[in-house]
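Visitor: Hi, I've got a structure open and I'd like to walk through a few spots in it. Can you help me out?

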Amino acid sequence: METNRQKKIGSVLQKDLVDILQGEVRKNGISNLVISVSKVSVTTDLSIAKVYLSVFPQEKAAELLEAVKTNAPLIKHDLSQRVKLQLRKVPNLSFYIDDSLDYIEKIDNALSGKENPIENRDLLEKRKKS
């Protein structure tokens with residue numbers, strides 16, 4: 001259970017990280033790429049922040065995650081310059097890809113009947129006779 005302080009720090013970090021990452025995309029002239037920070041969760045001791053990135057198109061997610069991880073110290077420095085009046089110490093950042101949209105899409109397809117196992121028995125795994 002997150003405390004109110006963790007939630008507030010997470011939302012401050014989230015807003016500033018969005019500005020930093022989208023600013024870098026614009027500054028480098030990268031087109032056809034959308035990055036959003038879907039969630040930032042901070043540990044109870046406020047030392048580590050897990051940053052979940054949502055990337056569109058999904059094919060570029062792995063290479064973008066590696067680029068962000070290699071530039072994590074620079075991102076942390078930019079972030080510390082922005083939040084120096086609100087936080088004494090900026091938490092260490094660990095980045096992850098947020099794949100919840102893909103998960104929701106799979107559930108939605110299953111519920112809408114596109115992959116309905118009742119109508120199409122071939123979707124079900126066959127039971128093995130023992």
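Visitor: Let's start with Ser54. Is Ser54 buried or exposed?

Guide: This is a predicted model, so keep that in mind. In it, Ser54 is buried, because its relative accessible area is 15% and buried means under 20%.

Visitor: Okay, and where does Ser54 lie?

Guide: Ser54 lies in strand 2.

Visitor: Which residues does Ser54 touch?

Guide: Leaving out residues up to four places away in sequence, Ser54 touches Val34, Ile35, Ser36, Asp98 and Leu101.

Visitor: Now Ser100. What's its relative accessibility?

Guide: Ser100 comes in at 28%, so it counts as partly exposed. You'll find Ser100 in helix 4, which covers residues 100-112.

Visitor: What about Ser41, buried or exposed?

Guide: Ser41 has 16% relative accessibility, so it counts as buried. Ser41 is part of strand 1. Not counting residues up to four places away in sequence, Ser41 touches Glu2, Ile48, Ala49, Lys50 and Tyr52.

Visitor: Switching topic: helix 1. How many residues has it got?

Guide: Helix 1 has 24 residues, 4-27, and reaches 34 Å from its first C-alpha to its last. That is close to the 34 Å expected at 1.5 Å a residue. Just after helix 1, Gly29 takes a positive phi of about 70°.

Visitor: Which residues of helix 1 are buried?

Guide: Gln6, Ile9, Gly10, Leu13, Asp16, Leu17, Ile20, Leu21 and Val25 are buried.

Visitor: What covers the buried residues of helix 1?

Guide: The cover includes strand 1, strand 2, helix 2, helix 3 and strand 3.

Visitor: Let's zoom in on helix 3. At what angle does it pack against helix 1?

Guide: The angle is about 125°, and the axes are 10 Å apart. The two helices are therefore oblique to each other, and their crossing is right-handed.

Visitor: Which residues meet there?

Guide: From helix 1 you have Leu13, Asp16, Leu17, Asp19, Ile20 and Leu21, and they meet Ile75, Asp78, Leu79 and Arg82 in helix 3. The residues of this contact divide into six nonpolar, no polar and four charged.

Key
Residues numbered from 1 in each chain as written. Predicted model: local features only at pLDDT ≥ 70, side-chain atom pairs only at ≥ 80, totals over all residues. Heavy atoms only, no water. Helix = DSSP H or I, 4+ residues; strand = E, 2+ residues; numbered from the N terminus. Expected span 1.5 Å × (residues − 1). Buried < 20%, exposed > 50% of the residue type's maximum accessible area, 1.4 Å probe, protein only. Contact = heavy atoms within 4.5 Å. Axes fitted to C-alpha atoms, helices over the stretch in contact; angles between N-to-C directions. Parallel < 35°, antiparallel > 145°, perpendicular 65-115°, else oblique. Left-handed = near helix turned anticlockwise from the far one by under 90°. Nonpolar A, V, L, I, M, F, W, Y, C, P; charged D, E, K, R; others polar.
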